[in-house]
Amino acid sequence: MFNPLKIKENLYWVGVIDWDIRSFHGFTYSTQTGTTYNSYLLIDEKVALIDGVKDCFYPEWLERISKVIDLKRIDYFICNHVELDHSGAIPEMMKRIPKAKLVTNQRGKEALLKHFYTEWDFQIVKGGDKLSLGKKNLRFIEAPMVHWPDSMFDYLEEEGILFSNDAFGQHYASSHRFDDEVSFDLVMDENAKYYANILWPLSPIILKKLEEIKAMNIPIKMILTSHGLSWRKYPQKAIESYLNWAKGITVPKVIIAYDTMYYSTEKMAQAILEGIILEGLDAKLYRLPITDMGDIIKKFLDAKGLLLGSSTINNDILPTVAKFLYEIKGLRPLNKIAGCFGSYGWAKDMAVKTLETKLKEAGISIALPSLNFKYVPSEDELKQCFDFGRKFALEVKKSQGSIVSI
Ligand code: FEO
């Protein structure tokens with residue numbers, strides 16, 4: 001039933017498709033289509049199986065591999081990353097390939113032992129080491145914290161193929177395996193969502209790693225990821241997008257995110273939006289409880305400006321806004337500016353003060369004094385909101401980005 005996909009002579013995709021998963025890491029990152037756990041079989045005089053799958057997908061993985069090769073021929077299982085979406089099925093697979101060495105780095109070995117408490121026949125590699133498979137050679141590139149301390153890439157020298165594990169992947173399930181089989185906008189959108197929701201806080205490390213790889217001066221003709229679509233037409237676009245996001249390059253775009261109790265804060269948000277539109281900027285308006293958080297975070301990835309609004313409750317902000325701030329703080333965004341607005345009944349300034357404090361804690365500077373109105377905003381107060389939007393747009397325009405908006 002489950003078939004492998006031949007990528008090139010002696011190179012096969014033997015991964016699995018998880019059509020049912022609807023959130024990754026169990027919280028903010030919604031995966032509306034599902035995801036894939038990609039695994040690759042590389043056949044030479046020696047045979048290497050690269051990356052594993054989540055435990056419950058072992059039968060599907062086994063079936064795809066078995067249709068290419070007798071499992072007894074597998075000499076190496078290469079574990080590039082120990083997170084359970086890639087390692088969960090390793091114990092079962094290792095029972096079927098007992099003569100295979102388990103190739104990983106020292107941090108990978110430690111993490112595998114701490115997950116599975118099993119002493120396999122490890123072959124420890126480090127960055128720069130090569131594994132000869134006969135005519136072809138894999139070079140290892142350690143990539144700690146892209147996404148875990150154990151993360152590693154492999155480079156197939158003779159083909160210019162980078163096995164990038166989590167990097168450049170997307171949580172996207174489809175019947176396609178490559179970037180040129182879907183629209184470019186779709187793959188870049190999913191690429192951005194993955195970066196924003198998983199890798200964003202690791203940007204400084206990612207930037208350093210990408211610069212290191214650039215300095216190696218190796219041709220990268222194809223990137224085979226461990227999630228979603230791989231890059232055979234646009235590998236350089238994938239690298240370029242990561243470089244831009246890792247550097248914190250922004251475009252003049254504004255995200256307005258808010259929640260509202262009796263629609264006063266909503267009226268303010270809409271008037272602010274009108275001011276931004278008048279200045280000709282791209283702006284998106286999101287009421288937090290009804291919009292997917294992972295998608296807002298994706299849109300915020302390259303946006304210069306964030307305007308955040310909340311009604312006041314219990315002398316504080318609404319829980320939906322607090323959750324958004326919690327996420328933003330963890331993502332450690334660079335080069336953003338923000339403004340705050342809200343409404344209150346008797347606890348004047350309490351909500352906007354919380355907004356300001358939490359945005360500053362997230363490393364985001366406040367560009368304008370906050371707007372804060374009692375009960376229902378008057379016509380004059382809505383005009384102030386409109387002007388607030390225009391002023392904020394001018395602040396955003398002062399800083400121009402250089403990448404295409406997503
Ligand atoms: Fe796809 Fe960090 O695991």
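Reader: Leaving aside neighbours within four places in sequence, which residues is leucine 41 in contact with?

Author: In this predicted model, leucine 41 is in contact (heavy atoms within 4.5 Å) with Asn10, Leu11, Tyr12, Val14, Val47, Ala48, Leu49, Ile65, Val68, Ile69 and Ile74. Local features need pLDDT of at least 70, side-chain atom pairs count only at pLDDT 80 or more, and totals for chains, interfaces and linings use all residues. Residues are numbered from 1 along each chain as its sequence is written, and side-chain values use heavy atoms, with hydrogens and water left out.

Reader: Which residues touch the most other members of the largest nonpolar core?

Author: They are Leu41, Trp61, Ile65 and Tyr242, out of 96 residues in that core. A nonpolar core is a set of buried Ala, Val, Leu, Ile, Met, Phe, Trp, Tyr and Cys residues joined through side-chain atoms within 4.5 Å; buried means under 20% relative accessible area (1.4 Å probe, protein chains only).

Reader: Where does this core lie?

Author: The core lies between domain 1 (5-247) and domain 2 (255-396), because both give residues to it. The domain bounds come from an automatic or database domain assignment.

Reader: Turning to the domains, how many residues does each give to the contact?

Author: Their centres, taken over C-alpha atoms, are 39 Å apart. Domain 1 gives 15 residues to the contact and domain 2 gives 17.

Reader: How many salt bridges does the rule find across that interface?

Author: The rule finds two, a salt bridge being a side-chain nitrogen of Lys or Arg within 4 Å of a carboxyl oxygen of Asp or Glu.

Methods
Buried < 20%, exposed > 50% of the residue type's maximum accessible area, 1.4 Å probe, protein only.
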